[in-house]
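Welcome! Take a moment to turn the model around on your screen, and then let us walk through it together.

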Amino acid sequence: MKTEMNNPIDELSRRTFIKLSAIAGAGLMLGPSLTFGEDASEDRTYFVNGMIPACLLLQTAELARKATFVSQEMKKALDFSIYLTNEANFAFAGLLPHEWKALTKSSFADMPKEKQAFKAGMIVSNTANEHFSEIYSNCERSKIPELRLYHDACLLKHVSDIDIKQVTKEELVTFLRTLVSPMITRTHTLRPDRDDGMNWIVRMTKWNRDYYAYAENLADIMTKPDPIKVDNYIKKLNFIDLSDKSIRYAIEGVDFGEMHQVDGNRSLYGKALYESLKRIYDGFK
Amino acid sequence: MSEHYSHIAVYEDTVKLLFVTDRLPGVFKTALTQFYDSGLIASTSRDGLLWAIPILEKYKVNQPSSFDDETSMKLAGAIGWLTHRGADLAAKPILKLFDSNKSSHFNNTECSVYFDAEVYRQVFQSGKKSTRSMYNLITPSSFTKHFNLANTPNAKPAEALERILSFHMITDWTMLNPFVSTETDCTIWLQKMQKQLHDYHEDYRMYVEAVQNPQKDKTQKYLIDHNYYNPHDDIIRRVRSIADTEHTEELPVTLFKESDSLSVYARALLKAYKYTTAGIRFFQNEISKDEFGQIIERTKHDNEN
């Protein structure tokens, strides 16, 4: 009974970027995290906020792991895992649009592990905001969803370990979509907010359908990017430069002994990555 | 302990039966046709009775001939949550027989993982068959050690992609809950976040192992000794033979008779069918809330849960 809709993907592609719900809007007005391109809030769904903060966080953790001068305590705060229950997983909660001033001010040293991870996530999120909000503010409103998709596609391609030339669009779409069930399984079972299960099912349905459409768009751009758009959204904006040292160290399996070894980056992403590491490192000093 | 794929399978089989036996009023037919995925998602989520009953109660009054999309999603969700309960009440007594300590050789977490692995093999034919929803894909790579991309011998597993997207998803799902933006106390916010991010976190590698490398003694103990899935059970045979939900037919009453001789999965399906049909009768004002509560074996514990 594949009859949820006659042609849902086409239908959804057109509305991928619709505002998801009032909750999304309310949530996103709160804090600085994840909210590049404030003026586009109506066009935003959750994941369309983009992969920049999540990628930055993962690569900051990679750098922390390889930096021999970083304390064990800081390494632990960033040692998150999709396999295990782990205090460091709180780092991802730090990417959510909610800034706790008390936490911003207090020192890493006085915090339990969860809060350290959470604060590290907040720092990455704020750093992302500082570095990328300008290009999103300058982007024509109607083009922001596409800008995000090009940034996401570019990041996922470069930070991942796959050879995109070996992969067809269809394989990638299948991969992206297949991920949902294992991920739900990992959370044990989804847990709706206790006060709001009725509306939760509505939001989750929309999230899931939007994710399915997003997977299609993302796979399309990852495998067949439009060179003119790559030029406009990536190159001209100096979004990412793979020769940046921060990015190289994050991707390659080499340790480094001093902070300056990952400094001197040219691209926005390279700079944001260095800054994320440095700010967390300074916080732990 | 947690099942995921078995909840989806019980939901799908129950909905097939509801269509074929023509138990669905028009609004539910619409809901389960257009928003089948909402019920599927609900079937994999927790605390369902907290919402299944209020949803049915809220919309049964002054029923219009059709509902808006969001109400239809909720009605489909109510069906999914009731099937979840059916699956839980059939499986939990078995799971309780095992140690809750994950390091024990036989333990309840691993038992539930073996249940899911068996459903993946039997119902989803090791990924050859997906769900009936176009928004929930089950594939031959659903249980591979990191999802391999590209069918070439030297294709690398896409572990980094999996990590990024997985964390991204859980951050998104967390944001679907209002407390993220409404809770003003940082400590409470973090506690609630802990529930979202931390509690019951399952190691998916166990699921991969249970499918790729099932242990003989564990298969015996978890699946065979407790008769988890028997393809020869009448209800299972019948439901597997349903190819479409367009036609309706009267199925013999005996098919729906619960019995200890049936497999756990068959009993899960029968319970789920019983609970959902009771939910529909409650919605149609044919039974009271108390009667509905009795049929779905509601206890005081459910209210607290």
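## Where two chains cross

The crossing of helix 11 of chain A and helix 3 of chain B is right-handed. Please keep in mind that this is a predicted model. The axes of these two helices, helix 11 of chain A and helix 3 (residues 36-43) of chain B, come within 9 Å and cross at roughly 110°.

Helix 11 of chain A brings A:Ile201, A:Met204, A:Thr205 and A:Asn208, while helix 3 of chain B brings B:Asp37, B:Ser38, B:Ile41 and B:Ala42. Sorted by class, the residues of this contact between helix 11 of chain A and helix 3 of chain B are four nonpolar, three polar and one charged.

Now zoom out to the two chains. In total, 74 residues of chain A are in contact with 77 residues of chain B. Which helix gives the largest share of the side of chain A that touches chain B? Helix 11 of chain A does, with twelve residues. By class, the side of chain A that touches chain B has 44 nonpolar, 17 polar and 13 charged residues.

## Chain A on its own

Of the 285 residues in chain A, buried ones make up 56%. Consider also the contacts in chain A with a separation of 6 or more: 77% of them join residues 24 or more positions apart.

Helix 3 (residues 52-66) of chain A and helix 7 (residues 113-138) of chain A pack at an angle of about 125°, and their axes are 9 Å apart. That angle makes helix 3 of chain A oblique to helix 7 of chain A. Helix 3 of chain A contributes A:Ile52, A:Pro53, A:Leu56, A:Leu57 and A:Thr60 to the contact, and helix 7 of chain A contributes A:Gly121, A:Val124, A:Ser125, A:Ala128 and A:Phe132. By class, this contact of helix 3 with helix 7 of chain A has seven nonpolar, three polar and no charged residues. The crossing of helix 3 of chain A and helix 7 of chain A is right-handed.

In soluble globular proteins, nonpolar side chains tend to be buried together. Here, the largest nonpolar core holds 176 residues, and A:Ala91, B:Ile164 and B:Leu269 touch the most other members. Helix 11 (residues 197-223) of chain A gives the most to this core, with 15 residues. Leaving aside neighbours within four places in sequence, A:Ala91 is in contact with A:Leu57, A:Leu78, A:Phe80, A:Ala117, A:Phe118, A:Ala120 and A:Gly121.

| Pair | Apart in sequence | C-alpha to C-alpha |
|---|---|---|
| B:Arg298 and B:Leu49 | 249 residues | 8.6 Å |
| A:Tyr150 and A:Thr68 | 82 residues | 34 Å |
| A:Ser160 and A:Ile184 | 24 residues | 22 Å |

Start with B:Arg298, in the loop between helix 14 (289-295) and helix 15 (300-304) of chain B. Is B:Arg298 buried or partly exposed? Because B:Arg298 has 17 C-beta neighbours inside 10 Å, B:Arg298 counts as partly exposed. Beyond four places in sequence, B:Arg298 is in contact with B:Leu49 and B:Gly293.

Next comes A:Tyr150, in helix 8 (residues 144-159) of chain A. With 23 C-beta neighbours inside 10 Å, A:Tyr150 counts as buried. Not counting residues up to four places away in sequence, A:Tyr150 touches A:Ile221, A:Lys229, A:Val230, A:Tyr233 and A:Ile234.

Finally, look for A:Ser160 in the loop between helix 8 and helix 9 (169-178) of chain A. A:Ser160 counts as buried because 22 C-beta neighbours lie inside 10 Å. Leaving out residues up to four places away in sequence, A:Ser160 touches B:Ala158, B:Ala160 and B:Leu161.

Methods: Residues numbered from 1 in each chain as written. Chains lettered and ligands numbered in written order. Predicted model: local features only at pLDDT ≥ 70, side-chain atom pairs only at ≥ 80, totals over all residues. Axes fitted to C-alpha atoms, helices over the stretch in contact; angles between N-to-C directions. Helix = DSSP H or I, 4+ residues; strand = E, 2+ residues; numbered from the N terminus. Parallel < 35°, antiparallel > 145°, perpendicular 65-115°, else oblique. Left-handed = near helix turned anticlockwise from the far one by under 90°. Contact = placed C-beta atoms within 7 Å. Nonpolar A, V, L, I, M, F, W, Y, C, P; charged D, E, K, R; others polar. Core = buried A, V, L, I, M, F, W, Y, C linked by C-beta atoms within 7 Å. Buried ≥ 20, exposed ≤ 12 C-beta atoms within 10 Å, placed from the backbone.
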